[in-house]
Structure formats: C-alpha cells, structure tokens
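User: I've just opened this model and would like a quick tour. Where shall we start?

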Amino acid sequence: MDFVIVLTAAGILGAIGLIFGLVLGVAGKKFAVEQDERVVKVRECLGGANCGACGFAGCDAFAEAVVKGTAPVNGCTPGGNSAAKAIGEIMGVAAESKEPVVARVRCSGNCDNMIRRYDYEGFSSCRAASSYAGGPKACHFACVGVGDCVRACKFDAISLKDGVAHIDPNKCAGCGMCEAACPRDIIHLLPRSQTILVACRNKAVGRVARLQCKTACIACGKCAKTCPSGAIAIVEGVAQIDETKCTRCGACVPACPMHCIHNLFDDNIA
C-alpha cells in the first residue's frame, strides 16, 4: 500500500513538473526579446575587459549602444583602431582613426628622490593617505604610492616601484581608469607618440620644490630657452610641453638641471 502511494506521488510530481516545463517553454518563446545579431558581432570585436572607458557599464552595454546609434563605433579605446574598423564594417559606416594613447605618470618622486614626512600605515588607499595631513610625502603633488591606480587597471599594466607607480606601455590599453583613480592627477593619457615627458607637477616655488624632491621642476626656464621649436612654456610653476609643436628632438632633456624631463625612448619605456 505504501509503495503504491509513493509511486502515485512521484507520478503526480512528475506530471506537474512536465506541465510547468511546457508552460515555461511556451512563455519563453512568446515573450522572448529578439536581439539584433549585430550586437553579438560588435561584442566580439571589443577588448572584453569591461573597463568602462567607453562610458557604458561594460562591453555588452556598449555593443547595444553602438547598434542603437548612441555610441560611436570607435568608442572602445582598448580595442583601438582595429576594433573600430571591424565595428564600422558591421555597422556599414566609416570609422575615424584615433592616435593611440597611453597612460603616463608625471612624477619621479621615488624613495631616493622624495622627502618623506612620515610612514603611512592607514587604510590602503591613495585618496585616504592624501587626506591625512597632506600625505606622507613632502610634495603634495607627488605620487602617493599606495596603489589606487594598480587596483583600477584591468590590464595588469601598473606596478609600484620605489613608492611610485610605473606603467608598462606594452600592456596599457589607454582606457583611462588609472587616470580617474589617481587623487593627485599625476597620471595622464597622452598620445603614444609623445615621448618627451615632464615627470613633475610640483607647482611650489623653486626653492620649496627643490627641498621637497631632488627631481622637482623648479621653473628655471632652461628647457624653454633650449627648445628650438618653442614647444615649452612655464605654466603655474611647472614646465609644460605643447605636443603640437614638439619635434621630439630631445634638446630639453639634458638642459633640465633637475633631470625631470625624460625621453621615453632613451628610457626604454616608450
């Protein structure tokens, strides 16, 4: 008798399951949202890191926006011009080429060059360290060196060496997430061809900057006077290079008495 009851219960449960399965199957087909096949094709062209550099919440959202016409076909920075061209062919439009960009760290304030005010042992965040008495380094414009940029990078392109962030240009996709994460605004996206870099943002007057860091720009103007193309100017106490005028001649590099201007080709980090 008990065996019959068990078989009956099992049969009833099986029938109910079959009915629900059929109902769900019919409902799935009836209410299914058809996806434009171009969304899948565009998605396959993207970098795939879901880095958010495009301004959307991941690669899937960007692909949908491209097909809807609310995002440009060249909006995926990590994918570069090759991805833009492929997406343009899918969408039937011409993709405008962009010069590749790479993140650069405008600071040379490592452990040897920078004067430290105290050893920070708080929460592992550059933003938190900066808010505590102005940060552990004497220069308030220097790389804090706690690693917010490292954690923000989806491409494993950033590491900390001697208290300063270092970016591997061969891994950097130019997404800009590190630039947004840096509380000191020392990481900038620059054209990959811009290989002459002023690795300092210290806006303090020269004598103060010199006391804070051995490689701080002191606004002496020697680089500007040496530049044959007039590409360098002192702005707010720091040398700045006009990329549209710079010819990459490198004359400013040896002219700088503080050694804060670098030729990235010579440093093998171009």
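**Walking through the model**

Analyst: Let's start with Asn-50, which counts as partly exposed because its relative accessibility is 42%. The cut-offs are under 20% relative accessible area for buried and over 50% for exposed, with partly exposed in between (1.4 Å probe, protein chains only). This is a predicted model, where local features need pLDDT of at least 70 and side-chain atom pairs pLDDT 80 or more, while totals for chains, interfaces and linings use all residues. Residues are numbered from 1 along each chain as its sequence is written, and side-chain values use heavy atoms, leaving out hydrogens and water.

User: Where does Asn-50 sit, and what is its phi?

Analyst: Asn-50 is in the loop between H2 and H3. Its phi is positive, near 50 degrees, and this is a residue other than glycine. Helices (H or I, at least four residues) and strands (E, at least two) are DSSP runs, numbered from the N terminus.

User: Which residues are the best connected in the largest nonpolar core?

Analyst: That core has 42 residues, and those touching the most other members are Val-105, Ile-158, Ile-167, Ile-186, Ile-187, Ile-232 and Ile-261. A nonpolar core here is a set of buried Ala, Val, Leu, Ile, Met, Phe, Trp, Tyr and Cys residues joined through side-chain atoms within 4.5 Å. E1, E3, strand E5 (196-198) and strand E7 (238-241) each give two or more residues to the 42-residue core.

User: What does Val-105 touch?

Analyst: Setting aside neighbours within four places in sequence, Val-105 is in contact (heavy atoms within 4.5 Å) with Val-164, Ala-165, Ile-167, Ile-186, Ile-187, Leu-197 and Ala-199. There is also a second, separate core of 14 residues, including Cys-59, Val-66, Ala-71 and Val-73.

User: Nice. How much space is in the largest pocket?

Analyst: About 490 Å³. On a 1 Å grid over the protein atoms alone, a pocket is an open set of points with protein on both sides within 12 Å along at least five of seven lines, a cavity is a set where a 1.4 Å probe fits but cannot get out, and lining residues have an atom within 4 Å of a point. Points join across faces, edges and corners, and a volume is the space filled by probe spheres set on them.

User: Who lines the largest pocket?

Analyst: The largest pocket is lined by 26 residues, and the closest to its centre are Val-105, Ala-165, His-166, Ile-167 and Ile-269. Strand E1 (101-105), strand E2 (158-161) and strand E3 (164-167) each give two or more residues to that lining. E3 gives the most, with 4 residues.

User: And which residues line the second largest pocket?

Analyst: They are Asn-74, Cys-76, Thr-77, Pro-78, Gly-80, Asn-81, Lys-98, Glu-99, Pro-100, Val-101, Ala-173 and Arg-192. The volume of the second largest pocket is about 230 Å³.

User: How many cavities of 30 Å³ or more are there?

Analyst: There are 6. The largest cavity has a volume of about 100 Å³. Its lining has 18 residues, with Cys-51, Gly-52, Cys-54, Cys-59 and Cys-76 the closest to its centre.

User: Last topic: is Gln-194 buried or exposed?

Analyst: Gln-194 counts as buried because its relative accessible area is 9%. It lies in the loop between strand E4 (187-191) and E5. Not counting residues up to four places away in sequence, Gln-194 touches Arg-104, Glu-243, Arg-248 and Leu-264. Gln-194 and Arg-210 are 16 residues apart in sequence and 26 Å apart in space, C-alpha to C-alpha.

User: And what about Asn-263: buried or exposed?

Analyst: Asn-263 counts as buried, because its relative accessibility is 13%. It sits in strand E8 (residues 261-263). With residues up to four places away in sequence left out, Asn-263 touches Thr-195, Ile-196 and Val-253.
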